[in-house]
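Welcome! Have a look at the structure below, and then let us walk through some of its features together.

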Amino acid sequence: MNFTVHRFDSIDSTNTEALKHARRAADEGMCVVARQQTAGRGRQGRTWASPPDAGLYLSIVLRPRLDAKYLPLITLAAALGVFDTLAQLGIDADIKWPNDILVNEKKICGILAETAETERGLAVVVGIGINLTSQNFPSELMDTATSLEGVLSRPVAVSELEGRLLKFFDDRYSRLREPDGASTIIREWGPRSTYFHGKQVRVTLANEMITGVTDGLEANGALRVKKDDGELTIVQAGDVERVRPSDKIRTGQFD
Ligand code: BTN
């Protein structure tokens, strides 16, 4: 893919900007990168703290020629690209379904994929935020988030990170578009995520909360969860949290 990068010192959200370009017929591979976001967006209406030079804030315009049912796999392919990027830096990461990258159980990266109907067909914008430093984290993130500097005890140059990420994203996304690409992504995702199988989780769905054990992915990337009552639930979208044994004991004591 040919990447064309538009750079900003400060912008509301690189995803919002990339969506605007997608609606104005931008080609696949158009990227928006900013040193700071004033209204960085996360999943489910949350904000993504984006202080100046504290993270890589990057969005890529895609025009996928994929069967619509496989579109959710773009997020999984992007997560694999981030995983590969961190691995090359010597970091052993974990992918939390569908789109968080964790190191030592703390979040280092989030991915937000959004779609837009455009005159050139459906466009997908994949937004990736990787924490470079924890120094300016809002206090509420201190316990749950980490950064490259926090993990490696040395700063990582954002330009170097961006170059590696675009390369690894391109590799994974190309593989997704090959015949059988969907099953390749699922097969390669599994061993890189402790959430793939046998993880005790609590999942917040639109209208309910379920608990159970993860049981692999469906062909479109949805998460299979065997509920405590034995029923299998297919989670297309939801927030997943691991349940630690100590949480269960606590629940048991007070139930
Ligand atoms: C999440 O974990 O909820 C997803 C976070 C995605 C953050 C990135 S930073 C670059 C891009 N621009 C945004 O406004 N959001 C994404």
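## A buried strand residue

In this predicted model, V103 is buried because its relative accessible area is 3%, and the cut-off for buried is under 20%. V103 belongs to strand β5, which covers residues 100-103.

The ligand sits in the largest pocket. Elements that give two or more residues to the shell around it are α1 (14-23), β3 (55-62), β6 (106-118) and β7 (121-131). Strand β6 gives the largest share of that shell, with four residues.

In total, 20 residues surround the ligand, and the closest are S13, Q37, R41, R43 and K107. What kinds of residues make up this shell? Six are nonpolar, 10 are polar and four are charged.

## Backbone contacts with the ligand

Several backbone atoms can be picked out next to the ligand. For R41, a polar backbone atom is 2.7 Å from a nitrogen atom of the ligand. For R43, a backbone N or O atom lies 2.7 Å from an oxygen atom of the ligand. A backbone N or O atom of N15 lies 3.5 Å from a ligand nitrogen atom.

How much of the ligand does the protein bury? Taken alone, the ligand exposes 420 Å², and the protein buries 99% of that area.

Most residues other than glycine have a negative phi, and most peptide bonds are trans.

A25 is found in the loop between α1 and β2 (30-34), whereas N104 is found in the loop between β5 and β6. Are these residues buried, partly exposed or exposed? A25 is partly exposed because its relative accessible area of 38% falls between the cut-offs of 20% and 50%. N104 counts as exposed because its relative accessibility is 66%, and the cut-off for exposed is over 50%.

Finally, which residues are joined by a cis peptide bond? They are W97 and P98, and omega is about -5°. P98 is found in the loop between β4 (94-96) and β5.

Methods
Residues are numbered from 1 along each chain as its sequence is written. This is a predicted model: local features need pLDDT of at least 70, side-chain atom pairs count only at pLDDT 80 or more; totals for chains, interfaces and linings use all residues. Side-chain values use heavy atoms; hydrogens and water are left out. A residue is near a molecule or strand if one of its heavy atoms lies within 4 Å of it. A polar contact is a pair of N or O atoms within 3.5 Å; within protein, one must be able to donate a hydrogen and the other to accept it, and residues adjacent in sequence count only if both atoms are side-chain atoms. Accessible areas come from the Shrake-Rupley method with a 1.4 Å probe; for residues, only the protein chains shown count as cover. On a 1 Å grid over the protein atoms alone, a cavity is a set of points where a 1.4 Å probe fits but cannot get out, and a pocket is an open set with protein on both sides within 12 Å along at least five of seven lines; lining residues have an atom within 4 Å of a point. A molecule sits in a cavity or pocket if more than half of its atoms lie within 2 Å of its grid points. Ala, Val, Leu, Ile, Met, Phe, Trp, Tyr, Cys and Pro count as nonpolar, Asp, Glu, Lys and Arg as charged, and the others, Gly among them, as polar. Buried means under 20% relative accessible area, exposed over 50%, partly exposed in between (1.4 Å probe, protein chains only).
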